[in-house]
Amino acid sequence: MLAWDRGWRREARAAWLCGLALAGVLTAIDLGRGGFGWPHGCCWAALGATLVLVLRPARITAGDGWLASRGLLRERRVRTDLLTRIRRADGMAPRLVLMDITGGRVELDPQVLADNPLLWHHLDAGARLARERGVLLEGAGVLTALAERIDGEGARRLLSSVKISPSGD
């Protein structure tokens, strides 16, 4: 069964809207000043397209034993049942870095896993296999912390949907 990031289309659409809005605003300013010409129009279109390229998220998909991230130019894929390393790179945008025995490497936003239980299930099941096989050498703690966070968020969502507070009130 194939799993994918259900929020990707919304985020990709937002990237396109931002790029179009930037190009539109810059064109409108040029038209208002009376200085619009084709060189300016091409420049504003290029700036808008660049913004789309920067903001467009990678498309994350997963299946039995694999997880992939498709960017603009290529797809990166890891075998989740052969993971050797899982690292968390914190910063402005936290990233989860997955590396497998074959040299595959995928970076993704941990929130994508929290928002998509099927993606999380595929990664977790594969990582458990890798741990059982003894190939997961680094990152079991990162995976455990991520599992606790995702499971906690899921439980809170479930409890709030049935109007029960987690504290028992």
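Close-up 1. Helices (H or I, at least four residues) and strands (E, at least two) are DSSP runs, numbered from the N terminus. The buried residues of α2 are Gly 41, Trp 44, Gly 48 and Val 52, where buried means under 20% relative accessible area, exposed over 50%, and partly exposed in between (1.4 Å probe, protein chains only). Seen down the axis of α2, these buried residues fall within an arc of 85 degrees, so they line one face of the helix; the arc is that of the directions from the helix axis to the C-beta atoms. The cover over the buried residues of α2 includes α1 (8-33), whereas the face turned away from the buried side carries the exposed residues Pro 39, Cys 42 and Val 54.

**Close-up 2. Two cysteines without a bond.** The structure holds zero disulfides, a disulfide being a pair of cysteine sulfur atoms within 2.5 Å. The sulfur of Cys 43 is 8.7 Å from the closest cysteine sulfur, in Cys 42, which is too far for a bond. Cys 42 counts as exposed because its relative accessibility is 52%, while Cys 43, at 37%, counts as partly exposed.

**Close-up 3. The largest nonpolar core.** Of the 25 residues in this core, Leu 67, Leu 83, Leu 98 and Leu 113 touch the most other members; a nonpolar core is a set of buried Ala, Val, Leu, Ile, Met, Phe, Trp, Tyr and Cys residues joined through side-chain atoms within 4.5 Å. The largest share of this core, five residues, comes from α4. Not counting residues up to four places away in sequence, Leu 113 touches Leu 96, Leu 108, Leu 119, Trp 120, Leu 123, Leu 146 and Ile 150, contact meaning heavy atoms within 4.5 Å.

**Close-up 4. Confidence along the protein chain.** The mean pLDDT, the predictor's confidence in each residue from 0 to 100, is 90 for the protein chain, and 92% of its residues reach 70 or more. Confidence is lowest in helix α5 (residues 140-161), at a mean of 78, and highest in strand β4 (residues 75-79), at 97.

**Notes to the views.** Residues are numbered from 1 along each chain as its sequence is written, and side-chain values use heavy atoms, with hydrogens and water left out. Because the model is predicted, local features need pLDDT of at least 70 and side-chain atom pairs count only at pLDDT 80 or more, whereas totals for chains, interfaces and linings use all residues.
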